[in-house]
Amino acid sequence: MLDEDEARPMMRDVDDMQRLLDDFLAFVRGDATAEAAGQSDPVALVATVVEDARRAGQAVTLHSVEGRGEATLRAGAVRRALENLIGNATRYGTRAEVSLAILERSVRITVEDDGPGIPKDRREEALRPFTRLDDARNQDRGTGTGLGLAIAADIARSHGGTLRLGDSTRLGGLKAELVLAR
């Protein structure tokens, strides 16, 4: 019989395998397009995701909100994309900040971190499924499946938008912008 200290690493491995399987199944099922789109309040959606992440122990804040109004979204898919972006930001940095801009024709959700970022010449590669940029992001901060950015990009495309990766001038790490058509 295993004691608690011996079982802990195995339980982490099981959790990692479960996350990989869940991410893989979501990706191959095309979860980004399975849900029906409906009118949603992006402010309430983003605020809820940020608060849920904070309650789960992630160092994330809602930095700014610009604009108001509803948008036609697949709220569950947008939630998943934002959870992936916040998870990456807090895994590879010490903190994350989320900003929301509701514009006339789009909704822009920005997640910035203070981590090592992703080199400009590797950003397109980072959006491919099962890609992990070991030398670009700190692997000591946890494991990932290499699907989070690919899923977020797929969700953005299903909303007539895009996922852009850049440099965070405010925090010094990565800036991920999820742009969705309104």
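This note sets out points on the fold, core and local contacts of a predicted model.

1. Confidence. The protein chain has an average pLDDT of 86, and 83% of the residues score at least 70. In residues 135-142, however, the pLDDT is below 50, although this stretch has 23 contacts in the model beyond near neighbours in sequence. Where pLDDT is low, the predicted coordinates should not be read in detail.

2. The sheet. Five strands form an open sheet with mixed pairing, in the order S2-S4-S5-S7-S6. Its edges are strand S2 (60-66) and S6, each of which pairs on one side only. From one strand to the next, the twist averages 15°.

3. The S4-S5 pair. These two strands are antiparallel and share seven bridges. Within this pairing, valine 98 stands opposite valine 111 in S5.

4. Helices on the sheet. H4 lies across S2, S4, S5, S6 and S7, and runs at about 20° to S5. H6 also packs on the sheet, where it touches S6 and S7; its direction makes about 130° with that of S6.

5. The nonpolar core. The largest nonpolar core has 38 residues, of which Ile86, Val98, Ile109 and Leu163 touch the most other members. Elements giving two or more residues to this core include helix H3 (42-55), helix H4 (75-92), strand S4 (96-102), strand S5 (106-113), helix H6 (148-158), strand S6 (162-167) and strand S7 (174-181). The most is given by H4, with seven residues.

6. Leucine 163. Not counting residues up to four places away in sequence, leucine 163 touches Leu85, Leu127, Leu149, Ala152, Ala153, Ala156, Ala176, Glu177 and Leu178.

7. Why is H6 described as largely enclosed by the rest of the structure? The reason is that nine of its eleven residues are buried. After the helix comes glycine 160, whose phi is positive, near 70°.

Technical notes: Residues numbered from 1 in each chain as written. Predicted model: local features only at pLDDT ≥ 70, side-chain atom pairs only at ≥ 80, totals over all residues. Heavy atoms only, no water. Core = buried A, V, L, I, M, F, W, Y, C linked by side-chain atoms within 4.5 Å. Buried < 20%, exposed > 50% of the residue type's maximum accessible area, 1.4 Å probe, protein only. Helix = DSSP H or I, 4+ residues; strand = E, 2+ residues; numbered from the N terminus. Contact = heavy atoms within 4.5 Å. pLDDT = per-residue confidence, 0-100. Pairing = 2+ DSSP bridges. Axes fitted to C-alpha atoms, helices over the stretch in contact; angles between N-to-C directions.
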